[in-house]
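Thanks for coming, everyone. Let me put today's model on the screen and walk you through it.

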Amino acid sequence: MKLLKQGRVYAPNDLGCKDVLIGGGKIIAIEDEISIDGYPFVEEIDVSGNLVVPGFVDSLVHITGGGGEGGFTTRTPEMHIDDAVQGGVTTLIGVLGTDAVTRSLENLLAKAKELKSLGLSVYCYTGSYHLPAVTITESITKDIMLIDEFIGVGEVAISDHRATPMDYLALANVASQARTGGMLADKAGVVSIHVGDDRQGLDLLRQVVSNTAVPITQFYPTHINRTKELLADGIHYAKQGGFIDFTTSTTEQILEQGEIEAAQALAKALEAGVDISQLTMSSDGNASLPVFDEQGRLTDLQVGKVKSLHQSFVDAVVKYNVDIDAALRSITSSPADILSLRSKGRLQVDGDADITILDGETYDVQSVIASGKFLLKEQVKKTQAYF
């Protein structure tokens, strides 16, 4: 058991300075003061001057690597557990992207199990960019129902030159299968949507919602900060009731071509009146970050970083004056709620003891606790020491 003493607790709402008692992988109590006199089996940890916040939830990570748009030498590497832990991430969703040939769902599932055995909470999407969706059981519904780690399908690409040409009925069919699997397995059953920079934007999602019974909340579109036009479209979409996600990994070249920093996009959406429960940020970690010319030819490629999620949280607070609790919600409770991860994204009694401890002034990650165990303690980087 561990007792965190007198940190400023954001649950993610501000609770003030509290003691937090954890044991058995769960949060046992959050109180003004908790006494452990006479209980030598409880480790007391002074976290005064620090922020005690929920472990970050990263809703889009290419844990097995991605890329390949420039040939086999541009395949990006797999995610290492330190990439997540040093960025304060305790829960993440693994996905396939453009390459669903050399990056298989079986490999994705195996990588998820590896990271879980090392202490993280890891879930996955079945499918990839293209339709018909690749699956393990030959059915989206079966994958979601029968494979514990699978909670939805994606990231299905739209408005992108790499996307499968489709009409709204094809996408509605995918959403219906995911929704059915989610309902029967008590999972989110969301459809993660990769949105490119083509002028169609989110129109295909609106067509599905307008012409079928699939609700707008079944879709979880990402990369909405890709262009000013897409951000405006995304804000309008959110005001219609949808969720939107901003990508934190970027490069100077991509920003020069018109992408908006995720932290700034979050601030703009909040200023426009979108509720924080509809807004999230994700890293797109270990994805390729390709730059294409007007003819669709690759001109540059970098690799996404999971740690960019933490940096964008800091930027939202420091550079764009987003309230700490709102910035935290975008990477904790909002993605957890959208993905129906009920024990994640909050510090609450009986909830999972996934806790990130931040420096109270710089917001640097100091320590990380996942399921009650330290994965990072006082900036020690060798995670294995705490298993």
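Start with a term. A nonpolar core here is a set of buried Ala, Val, Leu, Ile, Met, Phe, Trp, Tyr and Cys residues joined through side-chain atoms within 4.5 Å. Buried means under 20% relative accessible area. And keep in mind that this is a predicted model.

Now the cores. The largest nonpolar core has 83 residues. Which residues have the most contacts inside it? They are L120, F219, F246 and F313. Helix 8, residues 262-271, gives this core its largest share, 6 residues.

F219 then touches L171, A175, V191, I193, L205, V208, V209, V214, Y237 and F243.

F219 belongs to strand 11, which covers 219-222. What is the strand order in this sheet? The order is 6-7-8-9-10-11, in an open sheet of 6 strands with parallel pairing. Strand 6, at 56-61, and strand 11 are the edges, each pairing on one side only. Neighbouring strands are turned against each other by 30° on average, ignoring direction.

In one of them, S192 has Y220 as its bridge partner. Helix 5, residues 203-211, packs on the sheet. It touches strand 9 (150-158), strand 10 and strand 11. The direction of helix 5 makes about 170° with that of strand 11.

Now zoom out to the whole protein chain. It holds 11 helices and 18 strands. The radius of gyration is 20 Å. The globule rule gives 21 Å for 387 residues, which is close, so the chain is as compact as a globular protein of that length. Along the principal axes, the C-alpha trace spans about 65 × 45 × 45 Å.

What share of the 387 residues is buried? The figure is 59%. Take the contacts with a separation of 6 or more: 70% of them join residues 24 or more positions apart.

Last, the surface. The protein chain exposes about 15600 Å². Carbon and sulfur atoms supply 47% of that area.

That's the tour. Happy to take questions.

Definitions and conventions:
Residues numbered from 1 in each chain as written. Predicted model: local features only at pLDDT ≥ 70, side-chain atom pairs only at ≥ 80, totals over all residues. Heavy atoms only, no water. Pairing = 2+ DSSP bridges. Helix = DSSP H or I, 4+ residues; strand = E, 2+ residues; numbered from the N terminus. Axes fitted to C-alpha atoms, helices over the stretch in contact; angles between N-to-C directions. Contact = heavy atoms within 4.5 Å. Rg over C-alpha atoms; globule rule 2.2 N^0.38 Å. Buried < 20%, exposed > 50% of the residue type's maximum accessible area, 1.4 Å probe, protein only. Areas by Shrake-Rupley, 256 points an atom, 1.4 Å probe, with all protein chains shown as cover. Lists of a residue's contacts leave out its neighbours within four places in sequence.
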